[in-house]
Amino acid sequence: MSKGIHETTPLRPMADGEALQWLVAFAQQDLDRTESPGAWVDIGWNLARLFNEVEWSAPEDRVQIKKAQAAIRSVLEKLSREGDTYCEGASIGTRSAERKDGKLHVGYQSGHLELNVVDIVLRLLARINLDRLGRCKRCEAIFLGETGQLYCGKQCANAAAAGAYRKRKRSAINEKARTEYEKQQRKQLNPNVRVGRKRKET
Ligand SMILES: [Zn+2]
């Protein structure tokens with residue numbers, strides 16, 4: 001893709017839903033392993049579309065892109081679960097956000113905060129229903145899924161289910177062993193002895 005395309009094609013702003021999808025994917029993209037120059041140009045292009053309101057002077061600049069990614073990831077990580085809050089204070093003001101009932105409530109205090117990536121992302125998120133935005137309970141990945149979905153995908157859901165099954169099985173075995181032990185103790189001592197329970201391992 002040449003520079004000419006950027007100059008001659010007007011930026012088509014991203015629709016909100018598309019933007020959220022792109023942000024979630026971009027926030028978790030391994031940029032250190034992104035080698036194709038075309039992929040970087042695409043990222044710069046999409047950032048420019050997303051941040052239409054600010055001058056994105058050098059979309060191909062990798063340092064800038066990495067900074068933007070870190071800021072976006074931080075916002076999404078802090079707001080990817082219902083009830084999450086985001087708060088950042090600076091000498092010139094404080095910005096905060098709270099996710100409640102699938103909506104983001106953004107607030108500013110005594111701010112003439114610089115317009116930056118975080119503000120644009122917060123303002124964007126405040127327009128979007130966040131029900132589908134979640135954070136995996138197992139691997140911590142940020143994802144877009146169904147309302148109330150707990151895991152990022154089948155792999156994590158299956159692994160969590162298998163873990164829960166093993167735990168249940170283990171405690172059933174422990175329970176059986178304890179009953180046996182109690183029976184033995186009763187026989188040896190007297191029939192009314194109560195055996196203290198071992199502290200449950202966590
Ligand atoms: Zn996961």
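Student: Where does aspartate 101 lie?

Tutor: Ground rules first: this is a predicted model, so local features need pLDDT of at least 70, side-chain atom pairs count only at pLDDT 80 or more, and totals for chains, interfaces and linings use all residues. Numbering starts from 1 along each chain as its sequence is written. Helices (H or I, at least four residues) and strands (E, at least two) are DSSP runs, numbered from the N terminus. On that scheme, aspartate 101 sits in the loop between β2 and β3.

Student: Is aspartate 101 buried or exposed?

Tutor: Count the other C-beta atoms, placed from the backbone, within 10 Å: 20 or more is buried, 12 or fewer is exposed, and in between is partly exposed. Aspartate 101 has 10 of them, so it is exposed.

Student: What is the phi of aspartate 101?

Tutor: Most residues other than glycine have a negative phi. Aspartate 101 isn't a glycine, yet its phi is positive, at about 55°.

Student: How many bridges link β2 and β3?

Tutor: Two strands pair if DSSP finds at least two bridges between them. β2 (residues 93-100) and β3 (residues 103-109) form a hairpin with two residues between them. They run antiparallel, and their bridges number seven.

Student: What is the phi of glutamate 140?

Tutor: Glutamate 140 is in the loop between β4 (133-135) and β5. With 11 C-beta neighbours inside 10 Å, it counts as exposed. It is no glycine either, but its phi is positive, at about 70°.

Student: What separates the C-alpha atoms of leucine 144 and leucine 133?

Tutor: Leucine 144 belongs to strand β5 (residues 142-144), and with 18 other C-beta atoms within 10 Å it is partly exposed. Two residues are in contact if their C-beta atoms, placed from the backbone, lie within 7 Å. Beyond its neighbours within four places in sequence, leucine 144 touches Leu20, Gln21, Val24, Arg132 and Leu133. Leucine 133 is eleven residues away along the chain, and the C-alpha separation is 4.7 Å.

Student: At what angle do α4 and α5 pack?

Tutor: Axes are lines fitted to C-alpha atoms over the stretch in contact, and angles run from 0 to 180 degrees between N-to-C directions. The axes of α4 (residues 62-79) and α5 (residues 117-127) are 9 Å apart, and the angle is about 40°.

Student: Are α4 and α5 parallel, perpendicular or oblique?

Tutor: Under 35 degrees is roughly parallel, over 145 roughly antiparallel, 65 to 115 roughly perpendicular, and the rest oblique. With an angle of about 40°, α4 is therefore, relative to α5, oblique.

Student: How many nonpolar residues does the contact of α4 with α5 have?

Tutor: α4 brings Ala68, Ala71, Ile72, Val75 and Leu79, while α5 brings Val117, Val118, Val121, Leu122 and Leu125. Ala, Val, Leu, Ile, Met, Phe, Trp, Tyr, Cys and Pro count as nonpolar, Asp, Glu, Lys and Arg as charged, and the others, Gly among them, as polar. The contact has no polar and no charged residues, and its nonpolar ones number ten.

Student: Which elements do the buried residues of α5 pack against?

Tutor: The buried residues of α5 are Val117, Ile120, Val121, Leu122 and Leu125. They pack against α2 (16-27), α4, β2 and β3.

Student: Is the crossing of α3 and α4 left-handed or right-handed?

Tutor: The axes of α3 (residues 37-50) and α4 come within 11 Å and cross at roughly 60°. A crossing is left-handed if the near helix is turned anticlockwise from the far one by less than a right angle, and right-handed if clockwise. The α4 and α5 crossing is right-handed. That of α3 and α4 is left-handed.

Student: Which residues of α4 meet α3?

Tutor: On the α3 side you find Trp40, Ile43, Gly44 and Leu47. The contact divides into five nonpolar, one polar and one charged residue. From α4 come Arg62, Ile65 and Ala68.

Student: What pattern does the protein chain follow?

Tutor: The chain has six helices and five strands. Along the sequence they read α-α-α-α-β-β-β-α-β-β-α.
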